[in-house]
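Hello,

Here is the structure we spoke about. My notes on it follow below.

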Amino acid sequence: MVRDPRGAVRRAARWWFAPLPPPPERLRRGPLRPAAFPSPLRSARLTSLLGIALGVAFAVCFATGLLSHLIQHPPGWFSWPARPVGLYRVTQGVHVATGLVCVPLLGVKLWSVYPRLFAWPPVRSLAHAAERAGVALLVAAALFQVVSGVLNVAHWYTPMPFFFTTGHYRVAWLVAGALLLHIGVQLPVVREALRRTRRLPDAGRRRLLTAVGAAAGLITLTTVGQTLRPLESLAVLAPRRPSRGPQGLPVNKTAAAAGTTTVSAATYRLSLTGPGGTIELDLNALNALPQHTVDLPITCVEGWSAGATWTGVRLSDLVERAGADPGRATVLVESLEAGGRYRSSTVDAAHTSDPLTLIALRLNGQVLDPDHGFPARLIAPNRPGVLQTKWVGRLTVRGEE
Amino acid sequence: MIGLRRALIVSGVLVTAYGIWGVLPDPGVLLFLAAMVVAHDLVWMPVVLLTGAVLRRPIARTAALVAASVLVVGLPLVVARRPAGNPSVLPLDYGRNLLAVLAGIIVAGALTAGLGRIRKRTERPAGRDDR
């Protein structure tokens, strides 16, 4: 018995799109009754405009966030350049600033479509149910990203029953997928809404969009000074100030938190392993090597960054001492801290060979504060702060790649 | 357009499937996702709509919208506890700063309303002259 496969597909499509029996009318009360949401400001056009703005903002957040993830967990095909020096500072600053701007955008966008939550009948067919489930997923994931981002920036982890970095990254894919799906489904509605010329006076809607803009502007103005130093004094709602911290520079992890307060100048040794074997350098030996001074920012994934002047030994000089070619070597930098997710980091060849990459011994002319990684820390151009390993105890040079 | 839509929907389904596969093993993430929808749709939005019903004047509504947005960003800073021994994390008095920003929003709203009233009053005689 050979069946016609096209007939089967047609039958499946009919079943999928077939209307479901309507629910009894007496359930239609409360928000489900007609005209339960009387605001004349809601319109397909307003929703479309907000949706486009939000789509652009989410695209920026997704691209910059994915980039940050790739830099921190580089797969084989990915390489991140050492120049321009402050590129990561810009991409991550934009990531957080754009994410914060999404607060009013997402809020008003969801307000504009809220009545659709109580659409009647709640489900028309299986296809309609699937579409609604997709929207629910998009709403959940979008709220997840914005709220978890705000909570992380504010260092308030109690409400989040998951590890922020992993959760935020994984849900980003959920937003991306559900958003592509949503755009695909809604494209005709958006086109129709934007094409229509409006004859009615639109003052109320213009006022609403102005309010969204004002909210976004105020949030930016009160937070962006965490990375833009000229606006530092306005950053009254920023979780960091670029000049607040030991030696005038913010710190994420203190020596006390890392358990490195017992490191002393007298007993400190830097172990340097390479093709030429292992050598140990004490602080005097490090200070006796050629010293270089560079201006490099420290950039946090949380969106703040601050420039500083660092003095120390070029990593490339140490790699040569270990018997390897800095242009082709990668270096595993390990901290003296006992544990922690960012106890070590790998410096690729692009950064190893860069003359700006230092094992820094001084910050703004002073010996490093214990919280800044005394006696020695890594500082390299265009890298996230979590990869600028502090309290460096061991360098392992891996030769030609 | 049909081709573009089809491409968007197919890639959307694939990426969503990848996303679901990523979050399924993490019950904490699933819980937070569900909590977000419930909190937004059943708590936050009714509060917003009630506030809108109480505040009838457009300027008051605008001010409330801006204030609500600032609260979402600012409240976690107030509630979060500063990590011990690290004065560079959350270095400011955020409770005071948030109140100051909210006060600024109210003042700006009142000034805008006042300016609007003055403008209306000065425009009225001119309108009469035109007749």
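**Interface of chain B and chain A**

Across the interface of chain B and chain A, the rule finds zero salt bridges. Please keep in mind that this is a predicted model. Polar contacts are present between the two chains: the count is twelve residue pairs, with both residues at pLDDT 80 or more.

Helix 1 (2–23), helix 2 (27–54), helix 3 (58–79) and helix 4 (94–130) of chain B each supply at least two residues of the side that touches chain A. Helix 1 of chain B gives the most to that side, with 14 residues. By residue type, the side of chain B that touches chain A divides into 37 nonpolar, 13 polar and three charged residues.

As for extent, 53 residues of chain B are in contact with 68 residues of chain A. The area buried between the two chains is about 5,100 Å², and carbon and sulfur atoms give 79% of that area. Phe32(B), Val73(B) and Ser88(B) supply 11% of the area that chain B buries against chain A, more than any other three residues.

**The loop between strand 9 and strand 10 of chain A**

Lys390(A) sits in the loop between strand 9 (377–379) and strand 10 (392–398) of chain A. Leaving aside neighbours within four places in sequence, the residues in contact with Lys390(A) include Val251(A), Ser335(A), His372(A) and Arg377(A).

One is Asn382(A), with phi near 60°; Asn382(A) is buried, at a relative accessible area of 2%. The other is Trp391(A), where phi is near 50°. Trp391(A) counts as buried because its relative accessible area is 1%, and the cut-off is under 20%.

**Cis peptide bonds in chain A**

A cis peptide bond joins Arg83(A) and Pro84(A), with omega about -5°. Pro84(A) lies in the loop between helix 2 (44–72) and helix 3 (87–113) of chain A. Trp120(A) and Pro121(A) are also joined by a cis peptide bond, and omega there is about -5°. The loop that holds Pro121(A) runs between helix 3 and helix 4 (126–153) of chain A.

Regards

Terms used
Residues numbered from 1 in each chain as written. Chains lettered and ligands numbered in written order. Predicted model: local features only at pLDDT ≥ 70, side-chain atom pairs only at ≥ 80, totals over all residues. Heavy atoms only, no water. Helix = DSSP H or I, 4+ residues; strand = E, 2+ residues; numbered from the N terminus. Contact = heavy atoms within 4.5 Å. Buried area = accessible area lost by both parts, 1.4 Å probe. Salt bridge = Lys/Arg side-chain N within 4 Å of Asp/Glu carboxyl O. Polar contact = N/O pair within 3.5 Å; in protein donor to acceptor, adjacent residues only side chain to side chain. Nonpolar A, V, L, I, M, F, W, Y, C, P; charged D, E, K, R; others polar. Buried < 20%, exposed > 50% of the residue type's maximum accessible area, 1.4 Å probe, protein only.
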